[in-house]
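Please read the following briefing alongside the sequence and the 3D view. It goes through the chains one by one, then turns to a chain contact and to some points of backbone geometry.

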Amino acid sequence: MTASVSFYHTPAPPGLTGIKAWLLTHDHKRLGLMYLVAILFWFILAMFVGLLLRTELMTQGRTIMGPEMYNAMFTLHGVVMVFLFMIPGIPAIFGNFFLPIQLGADDVFFPRLNLFSWYLFMLGGLVAVISLFAGEGFPDTGWTFYVPFSIQNTANVGLTVTAAFILGMSSMLTGLNFVTTFHRMRDKRMGLMQIPLFTWSLYATAWVQILATPVISITLVLVVVERFLHIGLFDPDKGGDPLLYQHMFWMYSHPAVYIMILPGMGVISEIIPVFSRKSIFGYRAIVWSSMAIAIAGSLVWAHHMYTSGMSDVSVFVFSLLTFLVAVPSAVKVFSWVATMYKGSIELTPPLLFSLLFIYLFSVGGLTGLVLGAAGTDIHVHDTHFVVAHFHFVMFGGTGFAFFAALHYWWPKMFGIMYNLRTANIAAVLTGVGFIFHYIPMLILGLQGMPRRYYDYLPQFETGNFLAGFGAYVMVSGIVLMFVNLAMSFKKRIPASADPWGGTTLEWKVPSPPPVHNFPEKPEIMDFPYDFSGVVKK
Amino acid sequence: MKNVPLRKNVMTDHEDTHHVLSYGQLGAVLAVLLTLTGITVGVSYVHLGFFNVPVALAIACTKVTFVLLFFMHLKYEGPIIVISFLSTVAFLMIMIGFTFWDVAFR
Amino acid sequence: MSARIDETGIKIGMWLFLYSEIILFGGLFVLYAAYFHRYPEQFAVGGKELNRIIGSINTVVLLVSSFAVAASITAIQRDARKHTIGLLLFSLCCGCIFLVNKYFEWGAKIHHDIFPNSDTLVNGEPGVNIFFGLYYVITGLHGLHVIIGMILLSISLVLVLMGKVNKSRFAMLDNSGLYWHLVDLIWIFVFPLFYLVL
């Protein structure tokens with residue numbers, strides 16, 4: 001029966017064989033997997049660069065590398081993690097694979113544009129690799145490329161920002177595809193308030209991708225233009241204002257962190273109800289808060305600039321607005337916890353990663369208030385407190401949501417199950433390592449240790465050593481996690497269509513799905529998180 | 001696909017029929033645009049001091065509105081396009097306006 | 001896969017792309033706004049250096065070409081293929097005229113030592129340097145978009161000639177037209193900001 005043939009055996013467009021069935025595919029599922037392979041590569045690379053950085057910092061003075069290498073390494077770590085893992089990660093992999101299925105569609109609206117987005121992603125990565133080795137080497141400006149250093153610097157800034165530009169285009173086009181799919185291709189019987197929360201989160205994210213990305217595009221273009229033409233738009237000697245660069249940079253890069261976190265939150269909203277055997281609390285509130293985060297996140301960019309020399313009025317205004325953004329995020333955390341209350345909890349790896357997410361993201365969010373309040377920020381700006389904060393929200397948040405998504409949707413994508421116990425152990429190991437790694441940084445920052453410094457004062461050595469130890473524990477956990485997932489291909493334990501008891505449409509189709517997703521027309525429920533059928537089983 | 005109840009507010013297949021603007025209507029819009037262009041050039045020869053800028057921008061906004069509504073059919077498009085367009089303009093206003101919290105108060 | 005082509009969906013996709021272009025230029029307008037606030041008199045000095053007549057001609061040229069493109073949509077909807085082709089050719093000519101004007105404008109400025117990092121600008125007033133810096137970047141990026149727009153219109157023209165774009169299927173022409181109108185929209189703002197700030 002053709003309906004049970006998986007998409008692995010059915011190329012789309014038909015007739016393609018071998019590698020061409022992947023490189024020329026229009027199938028959103030294949031594209032999601034192609035992104036998975038590439039993005040995992042970049043994540044693991046940047047993770048090991050991070051490990052090297054923290055190893056260097058474990059002792060005072062030189063440990064394993066010199067200062068110029070250190071600066072290039074933290075720039076590389078940031079650029080790869082931000083542009084090649086965090087921003088594309090969940091939308092490009094899980095969004096591509098599951099958004100059409102969750103909407104009851106057979107693909108995205110523009111499948112060929114989707115393929116083009118993947119090629120742009122790969123091209124951006126290639127240009128980044130070239131910028132590593134060509135000419136005078138990788139930039140050491142930090143991933144923020146602040147002027148004047150990024151303009152005067154002789155390293156490959158031009159190539160690296162070009163890579164970021166290309167990656168931005170890939171991101172923007174994915175967002176465009178998702179918005180169009182959301183509006184035009186969902187099942188005719190599925191109203192807006194019946195759409196799963198993961199898809200809603202991708203929708204909110206897509207708008208930020210479309211509207212905010214062009215700002216970084218033009219900013220990066222200006223960096224290249226200034227490097228070649230020396231107009232002076234950011235050069236005080238020629239009438240320019242370097243702060244305007246920072247405004248333009250953060251006008252994108254702050255909304256960018258919401259591109260990173262919103263899909264992660266969407267994943268958590270999917271996982272918590274399933275493993276609590278209980279409907280999500282506050283479905284509408286979560287929908288509205290996703291849109292509110294996207295909007296409010298566009299109003300607060302200059303909270304990265306309190307000490308830059310901008311006006312006191314703007315310090316006040318942006319600090320006040322920053323406090324508003326915390327509110328919709330708190331609404332979500334409350335909803336997730338309320339969902340679990342009096343639920344029937346099954347502690348699977350996806351749920352464990354999600355619980356870690358809730359804890360780590362909340363800690364990160366609270367430290368964000370310290371940073372968002374201008375007064376306290378003066379003390380901790382550009383210290384390790386900031387580094388810890390964003391790793392709590394980006395890694396403890398999006399990173400762990402990424403791991404959760406991987407473990408939740410693994411059986412659906414590959415039709416096989418992994419070892420649950422090992423996965424849980426890996427999750428705990430990663431979480432414990434994470435805490436030993438980043439909490440010392442919060443303290444070091446409060447004590448005054450600056451960020452992006454190759455060396456430090458003697459009193460910071462103990463904290464840095466402890467943080468380094470935590471890094472190794474954390475990375476061991478992550479390696480164990482990946483090895484365990486890889487082993488699932490060896491053991492090949494088959495997974496059913498619905499191993500977890502999920503209610504959204506992806507659990508109604510075979511694992512892995514057939515090429516057009518739905519062998520027969522799916523039944524659209526009145527509410528996407530109705531577990532009455534599951535609980536009866 | 002048979003007997004599937006349509007959800008509310010789904011536009012039928014006939015939505016794709018475009019509203020056709022006649023050459024005359026388009027020509028009228030062009031005439032308005034050219035007139036406004038003439039006005040804005042003319043006003044630039046008059047010294048209104050500070051007010052030259054807001055007047056020029058207001059005329060530009062009016063011209064842009066005509067191009068959007070008629071040449072670009074925005075007047076005849078559905079809510080998704082209209083609302084998202086206005087949101088884009090709102091974001092642009094914030095980009096410029098919020099930068100002025102800094103620039104105007106240094 | 002549905003056999004019917006969803007032209008509304010394609011149009012939505014095009015508008016979404018246009019939004020990204022609007023914000024792309026928007027970033028440059030942020031810079032203009034901030035610098036105009038800082039250097040109002042020097043921007044006026046710079047503005048006087050630009051030729052209002054050529055600027056007006058370019059504005060008229062683009063407005064008329066927008067009309068022609070919009071009219072070509074009407075023509076194809078009425079199945080008046082020859083009109084469509086003629087109007088598109090006319091729009092392409094307008095695009096050429098615009099670019100030729102731009103070439104002469106830039107040429108004249110460069111000849112007078114007004115270009116990025118030129119001695120005149122570096123040694124002159126900072127506000128004037130910023131004014132012309134923005135002038136070159138914005139009109140340069142705009143000119144690039146005029147070229148892209150002309151490519152899109154040319155492709156549409158070829159498809160009309162081949163009969164692949166016709167009364168029942170003209171999304172390509174429609175959306176190329178939208179791109180062209182965007183190019184016009186940007187110029188409608190560029191014109192007063194650079195040529196009429198005096």
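## Briefing on the predicted model

Chain B has an accessible surface of about 6,000 Å², and carbon and sulfur atoms hold 72% of that area. The coordinates come from a predicted model, and the values below should be read with that in mind. Chain B is built from three helices and zero strands, chain C from seven helices and zero strands, and chain A from 17 helices and two strands.

**Chain B**

- From the N terminus onwards, the elements of chain B follow the order α-α-α, and buried residues make up 35% of its 106 residues.
- Of the contacts in chain B that link residues at least 6 apart in sequence, 51% are between residues at least 24 apart.
- One residue that can be looked at in detail is L69(B), which sits in helix α2, a helix that covers residues 52–71 of chain B.
- L69(B) has a relative accessibility of 28% and therefore counts as partly exposed, since that class lies between the limits of 20% for buried and 50% for exposed.
- When residues up to four places away in sequence are left out, L69(B) touches L74(B), K75(B) and Y76(B).
- The C-alpha atoms of L69(B) and V29(B) are 9.9 Å apart in space, although 40 residues separate the two in sequence.

- Along its sequence chain C reads α-α-α-α-α-α-α, and its C-alpha trace spans about 65 × 30 × 25 Å along the principal axes.
- Chain C has 198 residues, of which 64% are buried, and it exposes about 7,300 Å², with 68% of this area supplied by carbon and sulfur atoms.
- Among the contacts of chain C that join residues at least 6 apart in sequence, 83% bring together residues at least 24 apart.
- The charged side chains of chain C comprise 13 positive and 12 negative ones, and the centres of these two sets lie 13 Å apart.
- The contact between chain C and chain B involves 50 residues from chain C and 46 residues from chain B, and the two chains bury about 4,300 Å² between them, with 75% of that area on carbon and sulfur atoms.
- On the chain C side, W15(C), Y19(C) and F67(C) supply 14% of the area that chain C buries against chain B, which is more than any other three residues supply.

**Chain A: overall form**

- The C-alpha atoms of chain A occupy a box of roughly 70 × 50 × 45 Å when it is laid along the principal axes.
- Buried residues account for 66% of the 537 residues in chain A, and the chain exposes about 18,600 Å², of which carbon and sulfur atoms supply 70%.
- For contacts in chain A with a separation of 6 or more, 81% are made by residues 24 or more positions apart.

**Chain A: backbone geometry**

- As background to the cases below, most residues other than glycine have a negative phi, and most peptide bonds are trans.
- A12(A) and P13(A) are joined by a cis peptide bond with an omega of about 5°, and P13(A) belongs to the segment before α1 (20–23) of chain A.
- V147(A) and P148(A) are likewise linked by a cis peptide bond, here with omega near 0°, and P148(A) lies in the loop between α5 (111–133) and α6 (149–152) of chain A.
- R452(A), which is not a glycine, has a positive phi of about 60°, and its place is the loop between α15 (420–447) and α16 (461–491) of chain A.
- With a relative accessible area of 28%, R452(A) is partly exposed.
- R492(A) is not a glycine either, yet it has a positive phi of about 55°, and it is found in the loop between α16 and β2 (493–494) of chain A.

Methods:
Residues are numbered from 1 along each chain as its sequence is written. Chains are lettered from A and ligands numbered from 1 in the order in which they are written. This is a predicted model: local features need pLDDT of at least 70, side-chain atom pairs count only at pLDDT 80 or more; totals for chains, interfaces and linings use all residues. Side-chain values use heavy atoms; hydrogens and water are left out. Helices (H or I, at least four residues) and strands (E, at least two) are DSSP runs, numbered from the N terminus. Buried means under 20% relative accessible area, exposed over 50%, partly exposed in between (1.4 Å probe, protein chains only). Contact means heavy atoms within 4.5 Å. Accessible areas come from the Shrake-Rupley method with a 1.4 Å probe; for residues, only the protein chains shown count as cover. Buried area is the accessible area (1.4 Å probe) that two parts lose on being put together, summed over both. Lys and Arg count as positive and Asp and Glu as negative; His and the chain ends are not counted. The place of a charge is taken as NZ of Lys, CZ of Arg, CG of Asp or CD of Glu.
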